[in-house]
Amino acid sequence: MKVVVTGAKGQLGTDLVHLLANQGYEVYGYGREELDITNSDQVKQVTSEVRPDVVIHTAAYTKVDLAESEPDQAFLINAYGTRNVAAASEAVGAKLVYISTDYVFDGMATTPYNEFTPTNPLSVYGKSKLAGEQFVRDLHSKFFIVRTSWVYGKHGDNFVKTMLKLAKERDELMVVNDQIGCPTYTVDLANCILQLIQTEKYGVYHVSNSGHCSWYEFAKAIFEEADIEVKVNPCTTKEFPRPAPRPMYSVFEHMALRLNGFKVMPNWRDSLRIFLRSI
Ligand SMILES: NC(=O)c1ccc[n+]([C@@H]2O[C@H](COP(=O)([O-])OP(=O)(O)OC[C@H]3O[C@@H](n4cnc5c(N)ncnc54)[C@H](OP(=O)(O)O)[C@@H]3O)[C@@H](O)[C@H]2O)c1
């Protein structure tokens, strides 16, 4: 099976390319330099040359706070870039996996979000990713929209690495305790995507590690698992203002995985432990 991965140098893209290659797939991983998704001619050319069976579209504008002051960039990449990938992959008959986000929800719920809950993004980033979802639905006939959240892995910047770095510089940290979500280890996410692409069970999937926590609880767990002494103090979102509004509660229910017979996602704390041992 031939698989094209966009955003192949990002944190998810890098792990996906490794995993697919290890499993014997013919992988074509393209970073922004080789395949700029905002260039529709280039996207068409690459897909018509490779003629993949599957396109896994991980490339995105992911700077959530900066997006508030750069909405054109966010929409150009996340909405129109995704349109280009969707149209080109449909034209060659490839299945499409589009990676989306928990930020399509407003976080006002008090019970986990399933795949049929109406969306209502708060931030420019969330709106631009949802616009990408809409292009996928409009232009593609064999798609998986995989919404994920709080992603971390070996490659690239993420919350786990930031915490480990800050712990080297400070004895005490303040971490937000009133935003609740689901951490996701890139390797678990990549393994789940690998299961999906082998099927024709198209649709929207919520894919995160199972269980949930606040950022404060996540930080505490990181230091406990890494055996690092640092005092972590809980604070509120109001005490730690950021340019982009974030959902206060974005816990996923994995209803689509469950009802379609896919494996249960590992618990977030178990995966965190595995990740920390691997680095
Ligand atoms: N990280 C999270 O917590 C999180 C949560 C929910 C959903 N997601 C989604 O998951 C996917 C993977 O995220 P990630 O954490 O792996 O992101 P990432 O590390 O930021 O990787 C995204 C990659 O896309 C590339 N890219 C940006 N603009 C591009 C363009 N015009 N053409 C081609 N490539 C371009 C980036 O390259 P440059 O470095 O050159 O910009 C980067 O390598 C994204 O779709 C993201 O929206 C992430």
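**Exercise 1.** Which of the 24 residues around the ligand come nearest?

*Solution.* The model is predicted, so local features need pLDDT of at least 70 and side-chain atom pairs pLDDT 80 or more, while totals for chains, interfaces and linings use all residues. Residues are numbered from 1 along each chain as its sequence is written, and side-chain values use heavy atoms, without hydrogens and water. L12, R32, T62, Y125 and K129 come nearest.

**Exercise 2.** Find polar side-chain contacts to the ligand (N or O pairs within 3.5 Å), then state how much of the ligand is buried.

*Solution.* Start with the ligand's oxygen atoms: one is 2.7 Å from a side-chain N or O atom of T62, and one lies 2.8 Å from a polar side-chain atom of K129. Next take nitrogen: a ligand nitrogen atom is 2.9 Å from a polar side-chain atom of D36. Then turn to area (Shrake-Rupley, 1.4 Å probe). The ligand alone exposes 890 Å², of which the protein buries 81%.

**Exercise 3.** Describe the shell around the ligand by element and by class.

*Solution.* Two or more residues each come from α1 (11-22), β4 (95-101) and α4 (124-139). The largest share, 3 residues, is that of β4. By class, the shell holds 10 nonpolar, 10 polar and 4 charged residues, with Gly counted as polar and Tyr as nonpolar.

**Exercise 4.** Identify the residues through which α5 meets α7.

*Solution.* Contact means heavy atoms within 4.5 Å. From α5 (residues 159-169) come F159, V160, M163, L164 and A167. Their partners in α7 (residues 215-226) are W215, F218, A219, I222, F223 and A226. By class, the contact has 11 nonpolar, no polar and no charged residues.

Key:
A residue is near a molecule or strand if one of its heavy atoms lies within 4 Å of it. A polar contact is a pair of N or O atoms within 3.5 Å; within protein, one must be able to donate a hydrogen and the other to accept it, and residues adjacent in sequence count only if both atoms are side-chain atoms. Helices (H or I, at least four residues) and strands (E, at least two) are DSSP runs, numbered from the N terminus. Axes are lines fitted to C-alpha atoms, for helices over the stretch in contact, and angles run from 0 to 180 degrees between N-to-C directions.
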